[in-house]
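Subject: Structure handover

Hello,

Here is the structure we spoke about. Please open it first, then read on for what was found.

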Amino acid sequence: MKSAALQSGGMPRRSLLFTPGDRPEMMRKAPRAGADALVFDLEDAVAPDRKAEARTAVRDVLSDPEFDPDAEVCVRVNPTGIAADDDLGSVLADERAAERLDSVMLPKVEQAGDVETLAGLLDERGAAVPVLALVETAAGVLAAEEIAAVPEVNALAFGAEDLAADLGATRTHEGTEVLHAREHVVLAASAADVDALDTVYTDIEDVDGLRDATEFAVELGYDGKLAIHPAQVDTINEAFTPAPERVEWAERVLDAKRQADAEGRGVFRVDGEMIDAPLIAQAERVLAYAEAADEI
């Protein structure tokens, strides 16, 4: 059982809301949705002839003193290369924008070297922020372990839509065609003790389908889920918020641990169950997610 891998601000990433980088009005409104992380997108959501405009817009929003959300602020750059260098060079040109940036998402990651190249670009600009590595190709999924092990990686995100296209697979509602890869990303993230972030749900009007998909992601072991519309955020947050009885269990575990520590005991029971380090880590994770939802 992995410990709770949290965002750079110290809170869980239940929901990560994507907003097009060339839509400044949408970026300014994005914090109202209640997502734990905001991802300003310079990649797929922006047409090629609007990339420069989007870079300027993202920098302007981040540098605005009135823009100071409680959420983590992330920018998805273009895949490693000249475009990613241009993205960072523009966004980080303003000192306040650089200070407001909490993380960077790198798409189409296929090997550890992709992240290492981006980390080098960030280091050149003095930006010590973590990288969220998006694996969305067959090569990326197969290399997920080595990607997650790169020190700068703080999370692995799974991209089912691009993966299906790369495989030539037919996307189905059940998602069996990408299930193996979806599980593999969780294993790789858990082994490296970083966050596992589940793929987007593309039908923004299907609330029940989103709820089912998110609850299944929770069962698989994911820590959060990507959102493409503000209306999806509440459903995702709710699915990742622990039930009251689960919170009460976690509180009993940590109370018992404090008592055991005070008495010099390394082993203790809660509700008749022997508690060890993995269960303590699980209890800490439950309370962190409950706190994010203001449930405690």
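Helix 9 and helix 10 are oblique to each other, because their axes cross at roughly 50°, and angles under 35 degrees count as roughly parallel, over 145 as roughly antiparallel, 65 to 115 as roughly perpendicular and the rest as oblique. Their axes come within 10 Å. Axes here are lines fitted to C-alpha atoms, for helices over the stretch in contact, and angles run from 0 to 180 degrees between N-to-C directions. Helices (H or I, at least four residues) and strands (E, at least two) are DSSP runs, numbered from the N terminus.

The model is predicted: local features need pLDDT of at least 70, side-chain atom pairs count only at pLDDT 80 or more, and totals for chains, interfaces and linings use all residues. Residues are numbered from 1 along each chain as its sequence is written, and side-chain values use heavy atoms, with hydrogens and water left out.

From helix 9, Leu179, Arg182, Glu183 and Val186 meet Ala213, Phe216, Ala217 and Leu220 of helix 10. Contact means heavy atoms within 4.5 Å.

Helix 10 (residues 207–220) also packs with helix 11 (residues 233–240), with axes that come within 9 Å and cross at roughly 35°. That crossing is right-handed. Val207, Leu210, Arg211, Thr214, Glu215 and Val218 are the helix 10 side of the contact. Thr235, Ile236, Ala239 and Phe240 meet them from helix 11.

Helix 11 is largely enclosed by the rest of the structure, because six of its eight residues are buried (under 20% relative accessible area; exposed is over 50%, partly exposed in between; 1.4 Å probe, protein chains only). The six are Val233, Thr235, Ile236, Asn237, Ala239 and Phe240. Their cover includes strand 1 (15–20), helix 10, strand 8 and helix 13 (277–292).

**The barrel**

Eight strands close into a barrel, in the order 1-2-3-4-5-6-7-8, with parallel pairing. Two strands pair if DSSP finds at least two bridges between them. Neighbouring strands of this sheet are turned by 25° against each other on average, direction ignored. Helix 9 (residues 176–192) packs on the sheet. It touches strand 5 (131–135), strand 6 (153–158), strand 7 (195–198) and strand 8 (224–227), and its direction makes about 170° with that of strand 6.

Strand by strand:

- Strands 1 and 2 run parallel, joined by five bridges. Leu17 stands opposite Leu38.
- Strand 2 (residues 37–41) pairs with strand 3 (residues 72–76) over five bridges. Ala37 has Glu72 as its bridge partner.
- Strand 3 is joined to strand 4 by three bridges. Val75 is partnered with Val104.
- Strand 4 pairs with strand 5 in the parallel sense over three bridges. Leu106 stands opposite Ala133.

Five of the five residues of strand 2 are buried. Ala37, Val39 and Asp41 point one way, and Leu38 and Phe40 the other way. In strand 4 (residues 103–106), Ser103 and Met105 point one way and Val104 and Leu106 the other way, all of them buried.

**A buried glutamate**

Glu43 sits in the loop between strand 2 and helix 2 (51–63). Glu43 counts as buried because its relative accessibility is 4%. Leaving aside neighbours within four places in sequence, its contacts are Lys51, Arg76, Val77, Asn78, Pro79, Pro107 and Lys108.

**Cores**

The largest nonpolar core holds 68 residues. A nonpolar core is a set of buried Ala, Val, Leu, Ile, Met, Phe, Trp, Tyr and Cys residues joined through side-chain atoms within 4.5 Å. Phe40, Leu62, Val115, Leu122, Leu156, Phe158 and Tyr222 touch the most other members. Helix 9 gives the largest share, six residues. Apart from this core lies another, of 16 residues, among them Trp249, Val253, Leu254 and Ala283.

**Strand 9**

Val270 lies in strand 9 (residues 268–270). At 5% relative accessibility, Val270 counts as buried. Not counting residues up to four places away in sequence, Val270 touches Arg252, Val253, Ala256 and Ile275. The C-alpha atoms of Val270 and Thr176 are separated by 38 Å.

Best wishes

Key: Left-handed = near helix turned anticlockwise from the far one by under 90°.
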